[in-house]
Amino acid sequence: MTCWSGLHLLASPTDSLHFKPTHHVKPDVNRRSMSIGCHCQAILFHQNLNTMVATSDIPADTSTSLLTTLADEISSSATLLSSHIESRRLPWPSFSADGPRQPICEDNEEVSRARTALIEATRSLHALAVGPVETTKHFCFNEIYLLGAMQVLCHFEIPQNVPLQGTITFHHLASKTGLSEALLPRFLRMAIANFYFAEPEPGLVAHSAWSKPLATDEKMRACIWFRHAEMLPAVSKLVDMVKRYPDSPEPQDTAFSLAFGDAFFGYKERHPENMVQFGQFLDAFSGGSSADSAESIARAYPWETLPNRALVVDVGGGIGHISAAIAQAHPHLRFQVQDFEDLRGAAEELMESKGVKDRVEFVSHNFFDPQPEPARGAAVYFMRNILHNWSDLYCKRILKPIAESMGPESRIVNCDIVLPEPNSVPKAQDAVIRALDLTMLSLFNAKERSTDQWKELFASADGRLEITDMVGKPRMRMDSLVEVRLLC
Ligand SMILES: C[S@@+](CC[C@H](N)C(=O)[O-])C[C@H]1O[C@@H](n2cnc3c(N)ncnc32)[C@H](O)[C@@H]1O
């Protein structure tokens, strides 16, 4: 394992499932001249051999049956999870409507590893059972029509009109919602074939554990809406995009623009009616169990080591929900949330409601401009999910004014995904990360970045910028915190 890949694993979205950092390297202002290489040497990992089968590197072993090896892995992981559930008296994972929303508790590392191993082994076993030709023949066939069916069902408010307990007839459901009685069973049965809803008797519909959250949580419905209404048309233009605009850094040269006639945020401005659902989708995606909440960011970085009254500038901070969470957890810090003026009202309301109004100020600021005077020499320039929305060309334009305003003790703390090295994380988790990377491409001509790409980006924005620390799993779930300082 090279030094850089070792560092990467600390920060990778899924590494704790396979690699255990011996300790977290805390930033130390006295070590400012320390090179990243020294940090690397301080980070060691132990690969958990028990979970080898869960990685994408399943050996092509002809002496044993891969089918039975995987089946054994499934059996031992399922046994471990079952013991955990039983000993903690947790609800059993179930398809029925009263089944838990989060079926397997991940509150300890062994359980988390077993769950990952179970997912990987079942996925691999399924692929082997289906085989290469059938897989390709049916590629996306199911998913694309499931997405279409779910969009129709959500549009006609089917989830909200199926009772949370008990059943409803197709006939009654059609008359309550206005969806044609002839079409309703066709869409519903596609959903039922994929775990959403149930048909306990012919013509009767009930919720399943999968469909119930769609009835009770508008953010879950927004996930379906965004994928269908905006991502799907954009994805269908990817070939056009790469033919017309190969390697363009421009945010308007995208698959999204080809589908909708405008760059993503320009389109959003012209369609404010979609903004609510888009916001709900983002909330569900980034606040869910697979991503990092404001609270985990407030805990993951050693904010407590910053001096009393130190200023944290939240660049492109939106309405400041991350700053508010850090401010609540660290009362000795001050914050400046920078974003567009139209967010001021919502930001100030949030700070008031969180009781941090006296320490968190909203400042209207375009992040391509020089930092305003009061924000120069701040202790931290924090960015979350900003740079992954932009190509390198634009990221440099965002980073330059920040670097210019940094003092000797300032640091950038950037919160984004750090792409794992190929074959270093389980395939199921890698697939989510790669899909996010292609989302950035399709919507913004932007990208998720690997450790080396982050390193190059910071250095190319200002030769003095160097990564001095990374915090990934287990403190963070999907994103990593990358600390960058001016090293002269
Ligand atoms: C993906 S959101 C991230 C918001 C926030 N950092 C968070 O993690 O929730 C990107 C933010 O960048 C802001 N933004 C986009 N272009 C900007 C610019 N030129 N100057 C300042 N903020 C900008 C948007 O208004 C939005 O709030």
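Rings of Phe, Tyr and Trp (its six-membered ring) pair if their centres lie within 6.5 Å; planes under 30 degrees apart count as stacked, over 60 as edge-to-face and the rest as tilted. The model you see is predicted, so local features need pLDDT of at least 70 and side-chain atom pairs count only at pLDDT 80 or more, while totals for chains, interfaces and linings use all residues. Residues are numbered from 1 along each chain as its sequence is written, and side-chain values use heavy atoms, with hydrogens and water left out.

**Exercise 1.** Classify the pair of Y301 and W303.

Solution. Start with the total: the structure holds 24 aromatic pairs. For Y301 and W303, the ring centres are 4.9 Å apart and the planes meet at 65°, so this pair is edge-to-face. Now try F367 and F368: with 5.1 Å centre to centre and 75° between the planes, they are edge-to-face too.

**Exercise 2.** Find the ring that lies under K268.

Solution. Apply the rule: NZ of Lys or CZ of Arg must be within 6 Å of the ring centre and within 35 degrees of the ring normal. K268 lies over the face of F278, 4.7 Å from the ring centre. F278 also belongs to an aromatic cluster, whose members include W225, F281 and F444.
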